[in-house]
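Thanks for coming. I will take a few minutes to walk through one structure, so please have a look at it first.

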Amino acid sequence: MEDFTNKTLNISALPKFEETQLQPLEKKYFFVMLLQRSLFYIVLLGVFLVVYFMNAKASFLEVKLVYLLGVWSFLVWFGILYLRISFTKKGFALREHDVIFKSGVVSETTIIVTNNRVQHVALHQGLLSRYFGLASIELFTAGGSSSDLKINGLLLEDAKKIKESVSEKIIEITEEFKEETTTNDSLINEELKLEVDNETK
């Protein structure tokens with residue numbers, strides 16, 4: 001039996017994920033996001049106009065309409081600016097033992113999913129993403145019906161490579177676990193057999 005060790009680690013010497021060079025999302029994905037957001041703003045303007053014309057008085061129609069369009073224009077300008085900043089803040093990295101994804105404008109969020117926790121990898125393409133040759137990757141871990149990590153805005157070829165790489169790691173880890181389980185079962189059976197033999201003597 002191997003000697004058990006539990007050494008104290010120097011925290012300052014541990015590798016920092018912040019130092020990992022993250023890859024940006026594909027630039028074409030920003031146009032996909034922009035088209036999706038534009039559709040939302042068009043629908044929002046339609047709702048504004050319907051509500052306005054149903055409740056507005058004729059004498060104040062023009063003045064109120066200017067205010068309404070001003071508010072809508074500000075929302076559009078602010079939304080597109082926020083969308084652009086949000087896009088530039090996103091990045092990912094595929095490492096030997098895990099996958100990293102960072103996002104966030106006001107507060108940054110970094111998600112790290114280790115390969116030994118991943119049970120399933122899914123590749124998706126929406127209508128607009130398919131047109132631009134883009135795809136998204138989702139990583140699922142144990143104990144959840146929804147994905148733990150989703151990376152949008154990848155080139156289809158890159159998404160396929162990531163899926164293949166992570167899937168291979170899952171297979172390797174599964175095979176190693178099976179071998180360890182088989183070895184442990186064999187050792188337990190041998191010990192039990194020795195105990196039985198000793199008792200019969």
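How many bridges join strand 5 to strand 6? Six, and the two strands run antiparallel. Keep in mind that this is a predicted model.

Next, the nonpolar cores. The largest has 25 residues, and L139, I151 and V166 touch the most other members. At least two residues of this core come from each of several elements, including helix 1 (28-55), helix 2 (61-89), strand 6 (134-141) and helix 4 (156-200). Take V166: leaving aside residues up to four places away in sequence, V166 touches L94, V99, N115, V118, V121 and L139. Another core lies apart from the largest one; this other core has five residues, among them Y41, L44, L45 and V76.

Last, the charged pairs. How many salt bridges are there? The count comes to two. In one of them, R95 pairs with D98, and the closest N and O atoms are 2.8 Å apart. R95 is partly exposed, at 29% relative accessible area, whereas D98 counts as buried, at 9%. E108 forms a salt bridge with K102, where the closest N and O atoms are 3.9 Å apart. K102 is partly exposed, with a relative accessible area of 24%.

Notes:
Residues are numbered from 1 along each chain as its sequence is written. This is a predicted model: local features need pLDDT of at least 70, side-chain atom pairs count only at pLDDT 80 or more; totals for chains, interfaces and linings use all residues. Side-chain values use heavy atoms; hydrogens and water are left out. A nonpolar core is a set of buried Ala, Val, Leu, Ile, Met, Phe, Trp, Tyr and Cys residues joined through side-chain atoms within 4.5 Å. Buried means under 20% relative accessible area, exposed over 50%, partly exposed in between (1.4 Å probe, protein chains only). Helices (H or I, at least four residues) and strands (E, at least two) are DSSP runs, numbered from the N terminus. Contact means heavy atoms within 4.5 Å. Two strands pair if DSSP finds at least two bridges between them. A salt bridge is a side-chain nitrogen of Lys or Arg within 4 Å of a carboxyl oxygen of Asp or Glu.
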